[in-house]
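Hello,

Here is the structure you will be working with. My notes follow below it.

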Amino acid sequence: MEKINEKSSYCLNCKAKPCSTKGCPLGNQIPQFIEQIKQGDYVEAYKILSETTVLQGVCGRICPHQKQCQGSCVRGIKGEPVSIGDLEALCFDAMVEEEDSLLKCYAEEMKLNKTNKKVAIIGGGPAGLTASAFLAKRGIEVTIYEKYDYLGGLLVHGIPEFRLPKEIVQRTIDKILRLGIKVNYHQQLGKNLFLKDLEEQYDAIFLSIGANQSSKMGVEGEELLGVFGGNELLEYKLHPDYKGKTVAVIGGGNVAMDCARTIKRLGAKEVMVIYRRAREQMPAEDKEVEEAMQEGIRFLFQNNIVKIIGKNQVEKVELIKTKLVQKEDDNRLVPINIEGSNYEIEIDNIIMALGSRVEPYVRELGLETNKWGNIEINEKYQTSDPKIYAGGDLAGVKSTVAWAAHSGREAAKSIIENI
Ligand code: SF4
């Protein structure tokens, strides 16, 4: 408790609150909720957070706080920023007993707002869950159509237990479903679920099916046995036996860190992360990189893959060193291969964790898509069919949970205005 008091008292309650206005994708009222924690009023703190988010327990744990709220905190200019993430998580954790009475308050609010409108949500990940909750609170009848037999999407199958306990995700989902939201499981667009049928039954549809395929590099040997996509490994858990194996994970984001740390836990002899830029350019959160290093993961920075070598199965990988060059028309440092610096290392498995793309069937839905296959949306989150809205990774929204949730909440607001 002393620690919590210390953490909350450290906030300056700034008037400009850049943590909230610049840093937080959801615009959470950060100094206001911290102020309530200072006073010991967790219920009020939780209510303030609930105005902008339903993922307090999740975002408090897995948001890249250093790049978002804490990265904009005034305290961070000269020293350590306020531990905003910890305080948000704590606020959710402290609500176990009070949740019942809070949900009763929301139920009253919903009764007052009751409408005869119906919305279908396709995909129960962070964007879909958030949209569902914000629509339901405004008295709209919401039905989620979900491909799997569980909700949560990448919160369940994309983020390992050591970063986000399943129990926290389940509590979040239970809380959202208690707003009276219906769920139909085992429903997949294009297979047993069709937009034209849904359009007849609902006033609006929100698509939030994510982008679940691992991107490819396009290098020689990528089709060899022993090469896996990071997303698929985390999602389907079809891991090979790593005991005694050397595994390379390609990429520098959080999916790469999650894969490397999971594989190490599954018994690999050596796990290395290969990244073509330097540590400072890694999109993964510092904390994740630090923890991966402490767990014995090796990092080969400024190394690029030339080709993967093997007969049927991966045997080696050829790498080339890179130097970082600032391009005139671009502020970013671009990695350039250093000619003649090629070398080979022996490897048993390679995991491609270079980002995600939407599944090919999305192009067949009859909605406009961009060159990467993402669904095109306007500023109201509306697709080329005005009755259909989209958000999260499917619509190419910045790929963090908080941004996905932001798109769900804002799409819900647009739907409420338009139906
Ligand atoms: Fe508190 Fe930091 Fe936000 Fe200022 S910027 S209100 S110190 S959390």
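**Ligand shell**

Around the ligand sit Cys-11, Leu-12, Asn-13, Cys-14, Pro-18, Cys-19, Pro-31, Cys-73, Val-74, Arg-75, Val-82 and Ile-84. A residue is near a molecule if one of its heavy atoms lies within 4 Å of it. By class, this shell has ten nonpolar, one polar and one charged residues. Here Ala, Val, Leu, Ile, Met, Phe, Trp, Tyr, Cys and Pro count as nonpolar, Asp, Glu, Lys and Arg as charged, and the others, Gly among them, as polar.

**Ground rules**

This is a predicted model: local features need pLDDT of at least 70, side-chain atom pairs count only at pLDDT 80 or more, and totals for chains, interfaces and linings use all residues. Residues are numbered from 1 along each chain as its sequence is written, and side-chain values use heavy atoms, without hydrogens and water.

**Rings**

Rings of Phe, Tyr and Trp (its six-membered ring) pair if their centres lie within 6.5 Å; planes under 30 degrees apart count as stacked, over 60 as edge-to-face and the rest as tilted. The count comes to three aromatic pairs. One of them is stacked because the rings of Tyr-148 and Tyr-150 have centres 5.2 Å apart and planes at 5°. Tyr-148 is buried at 17% relative accessible area, while Tyr-150 is partly exposed at 24%. (Buried means under 20%, exposed over 50%, partly exposed in between, with a 1.4 Å probe and protein chains only.) Phe-299 and Phe-301 are also stacked, 5.5 Å centre to centre with 20° between the planes. Phe-299 is buried at 13%; Phe-301 is partly exposed at 23%.

Two charges sit over rings. Arg-171 lies over the face of Phe-92, 4.0 Å from the ring centre. Arg-265 has its charged end over the ring of Phe-162, 3.7 Å from the centre. The rule: NZ of Lys or CZ of Arg within 6 Å of the ring centre and within 35 degrees of the ring normal.

**Helix H14**

Helices (H or I, at least four residues) and strands (E, at least two) are DSSP runs, numbered from the N terminus. Buried residues of H14 include Met-257, Asp-258 and Arg-261. Among the elements covering the buried residues are helix H13 (230–236) and strand S7 (246–250). Just after H14, Gly-267 takes a positive phi of about 105°.

Best regards

Key:
Contact = heavy atoms within 4.5 Å.
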